[in-house]
Amino acid sequence: MNAPRGSAEPLARVDRLTMRFGGLVAVNDVSFSVGRGDVTALIGPNGAGKTTLFNCLTGFYKPTSGRIAFSPKGLQDPSRVEALTASARRLSRDGGEDLFLLERMPDHEIARKARIARTFQNIRLFAGMSALENLIVAQHVALTPASGYGVFGLLGLPVYRRAEQAAVVRAERWLDRIGLRARADDPAGELPYGDQRRLEIARAMCADPCLLCLDEPAAGLNGRESADLAHLLREIRDEDGVSILLIEHDMSVVMAISDHIVVLDYGQKIADGTPAQVREDPAVVAAYLGVEEAEADDAEASLDPGGPS
């Protein structure tokens, strides 16, 4: 395990992030931290700006303003963050501890150098490839240089064969963990929906991330599948030592696995705390139910894991 669960030390810190699309402010001056070894949930009603924020963090959008500092070993020295911010650089290396400013990086560098993996609201598996092949392809960062950028692979040199075998072993291990070993050779597009969701998470994990970003992983799942998903995410946090940031509408999943919850509404942060603190916050209840805060106390039970989501 790479990091203790529930560490107060931040892995990532979002500072005053704003994203505008013309006259529309999708994310407005939002700040929060993702704890090293934690599951952090980003929740809010539809249109709250959650996916926009995710896209800024993973490099699909360049934010209008703000900073996203990230270090796989934790943001231990604020002065390093300030020094990097004042420079024109996007990466600092000091004694093997990498520090990144994600708002300055394209998506492929965030995935490869910062080791941040993500999934999407809509499943993006390679439908015509087998389940096993999807997990092997996810390891291209290691396989490409081992293949000599194609040359070693064509020649069948041992260095590439060893890397390829290691990729197959890793892929098979993840198929075991998500209960799909028997369907390793089946096209991913022919798997049941819940299996595809788990396969997409396994594919992200095959990229060896420090931070796993999941965009509505429980969308479309039934109650049993949601419970299985929650178990898988707890395993990833506890056994693999990977920090998780997720967007999710299923409150049973959010409340069951989250160490920290950030709530957005109309692009602004309205709450930030533990599941118990967020569940009892009248502003959160009001945002979800579309009522005034004065009415929220009567409706608070709706955010309880046993109540409606």
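## Salt bridges in a predicted model

A search of the whole structure finds 21 salt bridges, a salt bridge being a side-chain nitrogen of Lys or Arg within 4 Å of a carboxyl oxygen of Asp or Glu. This is a predicted model, in which local features need pLDDT of at least 70 and side-chain atom pairs count only at pLDDT 80 or more, while totals for chains, interfaces and linings use all residues. Residues are numbered from 1 along each chain as its sequence is written, and side-chain values use heavy atoms, with hydrogens and water left out.

| E9 | R36 | 3.4 Å |

The salt bridge between R36 and E9 spans 3.4 Å. R36 lies in the loop between β2 (24-35) and β3 (39-43), and E9 in the segment before β1 (10-21), so this pair ties together parts that are 27 residues apart in sequence. Strands here are DSSP runs (E, at least two residues), as are helices (H or I, at least four residues), and both are numbered from the N terminus. With a relative accessibility of 17%, R36 counts as buried, whereas E9 is partly exposed at 23% relative accessible area. In these terms, buried means under 20% relative accessible area, exposed means over 50%, and partly exposed lies in between (1.4 Å probe, protein chains only).

D29 is partly exposed, its relative accessible area being 37%, while R16 is exposed, with a value of 57%.

Because D215 lies in strand β8 (residues 211-215) and R118 in strand β7 (residues 116-118), the pair ties together parts that are 97 residues apart in sequence. Both D215 and R118 are buried.

Salt bridges also link D15, R67 and E82 in a network.

The side chains of S79 and D77 are joined by a polar contact of 2.5 Å. A polar contact is a pair of N or O atoms within 3.5 Å; within protein, one must be able to donate a hydrogen and the other to accept it, and residues adjacent in sequence count only if both atoms are side-chain atoms. S79 counts as partly exposed, at 46% relative accessibility.
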